[in-house]
Number of protein chains: 2
Amino acid sequence: MTTSSSREAFEARLRAIGAERYHDKHPFHHLLHSGGCTPTQVRAWVINRYYYQSRIPMKDAAFLSRCEDPNLRRAWRSRIEDHDGHVDEGGGIRRWLKLAEAVGLNPDYVQSAKGVLPATKFAVDAYVRFVRDMPLLDAMAASLTELFAPAIHSRRIEGLLKHYEFADDTSLSYFRNRLKEAPKDVAFGLNWVLDRATTAETQDAAAAALIFKTDVLWAQLDALHSAYVEPGRIPPGAWQEGEGRLETGVAA
Amino acid sequence: MTTSSSREAFEARLRAIGAERYHDKHPFHHLLHSGGCTPTQVRAWVINRYYYQSRIPMKDAAFLSRCEDPNLRRAWRSRIEDHDGHVDEGGGIRRWLKLAEAVGLNPDYVQSAKGVLPATKFAVDAYVRFVRDMPLLDAMAASLTELFAPAIHSRRIEGLLKHYEFADDTSLSYFRNRLKEAPKDVAFGLNWVLDRATTAETQDAAAAALIFKTDVLWAQLDALHSAYVEPGRIPPGAWQEGEGRLETGVAA
């Protein structure tokens, strides 16, 4: 039988998972942030990543639906508010659609989830199901990729502003807002996990959940790279340049 | 094959379900609202009904977790806010705990869900699962008991104020707030259901869902009546007078 790690050692173990596996290391992100993406590749990224964004509130609601503690629900609910916004304005999803418009995509097309790569859907849907079905500790631990997000968002804002004409305060407002929101969320989530994962078994489960989540993120970029960069083989039914453009409306 | 009803006829069918089966017709409510309950019976009601209140935000989050439409999520989210309140204040759950204190119960005991009748838990948990698993239309239709709630809340406020010393603006604030919240929610839900239940099959399913929900409410009062009124046979482990009192703290 293995023994549990100290709180500090376990936190270091979780952070090492990010250092090794977070999707900031994926070649697609290097391409994107260094200005190497074509407009088509940027659009493909915006369309596919929207699917992930659009499921995050459903994932957070699934978590909420399993919380018996009203205080945990009250703390968690702000994540849904941050993404969905209010009835008439605000929220990360609307901000992402501003980015979609800025790169020449019709937001209705992007919202329709037509053209999203099947591999993206499989990965994202697996994450929603994971949070719905697995122990709460694992579900919370899976959210801890937010530990690694501020660095990638900062690099992304810098890289996009430097290299792409579409980048401005409006189109990048999603990332700027996440810079404020994610640290608050992750401080809460990290403490929650560290407080509860105090046995070898629960620490292993929490680490496995975080690895699972890095896989969810990585698999999306692999699918994107394969379809739109190299070898550039777009699977049947997935988005092709010219579909869903701002000027042409929702493609059939 | 049966044919579908008109919008008006189908709404009348839903309303007839309430007229026939809503728990305002249950003898326990007649007893409560007419001043016939002993303090012990009022406490038993407050403890058991709290369990229902405490699961409503989980039920609403389960619904939210299945909504792919951000606009539907944005509209639905206020239900969770209404019940849970904010991180530091507000919300129906906190207001219900004020009622618990007013009738001499320790809110920590009530929140612990110790002593709740097993039949109450079975019924309430069945409702949460129903919303998690069934078609969205059925889940929405199940919420339409809110059509019938304002009348019972008004009668309850009047009856409790007239007959019980514990009743005042603070202890009854839960019901006063629901008078404001429920009509807004139910107008949205009713229209949503009427817009979508346009075939005989979907109308039957929505009606069955609403009947299911009236069963969930009725079963809770049957269990309460059986345990604390007549025959007054309290099942093993359920709350007994003297446990969880304000002055004695959380009973072991």
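What share of the 252 residues in chain A is buried? In this predicted model, in which local features need pLDDT of at least 70, side-chain atom pairs count only at pLDDT 80 or more, and totals for chains, interfaces and linings use all residues, buried residues make up 44% of chain A, a residue being buried if 20 or more other C-beta atoms, placed from the backbone, lie within 10 Å of its own. Residues are numbered from 1 along each chain as its sequence is written, while chains are lettered from A and ligands numbered from 1 in the order in which they are written.

Chain A contains 11 helices and 0 strands, where helices (H or I, at least four residues) and strands (E, at least two) are DSSP runs numbered from the N terminus. The radius of gyration of chain A, taken over C-alpha atoms, is 18 Å, close to the 18 Å given by the globule rule (2.2 Å times the number of residues to the power 0.38), so chain A is as compact as a globular protein of that length. Its C-alpha trace spans about 60 × 40 × 35 Å along the principal axes. Of the contacts in chain A with a separation of 6 or more, 79% join residues 24 or more positions apart, two residues being in contact if their C-beta atoms, placed from the backbone, lie within 7 Å.

Within chain B, the axes of helix α3 (residues 39-64) and helix α7 (residues 118-133) come within 9 Å and cross at roughly 10 degrees, the axes being lines fitted to C-alpha atoms over the stretch in contact, with angles that run from 0 to 180 degrees between N-to-C directions. That crossing makes α3(B) roughly parallel to α7(B), a term that applies to angles under 35 degrees. Among the residues that make this contact are B:Y51, B:R55 and B:F63 of α3(B) and B:V124, B:Y127 and B:R132 of α7(B).

The contact between the chains takes 19 residues from chain A and 19 residues from chain B. On the side of chain A that touches chain B, the elements giving two or more residues are α3 (39-64) and α4 (70-84), and α4(A) gives the most, with 7 residues. Chain A can be laid on chain B with an RMSD of 0.0 Å by a turn of 180 degrees and a shift of 0.0 Å along the axis, the copies being superposed by least squares on the C-alpha atoms of residues with pLDDT of at least 70 in both. That is the relation of a two-fold axis, and A:A61 is the residue of chain A that comes closest to the rotation axis, at 2.5 Å (C-alpha). Because 100% of the interface residues of chain A are also interface residues in chain B, the copies meet through the same surface.

Conventions
Parallel < 35°, antiparallel > 145°, perpendicular 65-115°, else oblique. Buried ≥ 20, exposed ≤ 12 C-beta atoms within 10 Å, placed from the backbone.
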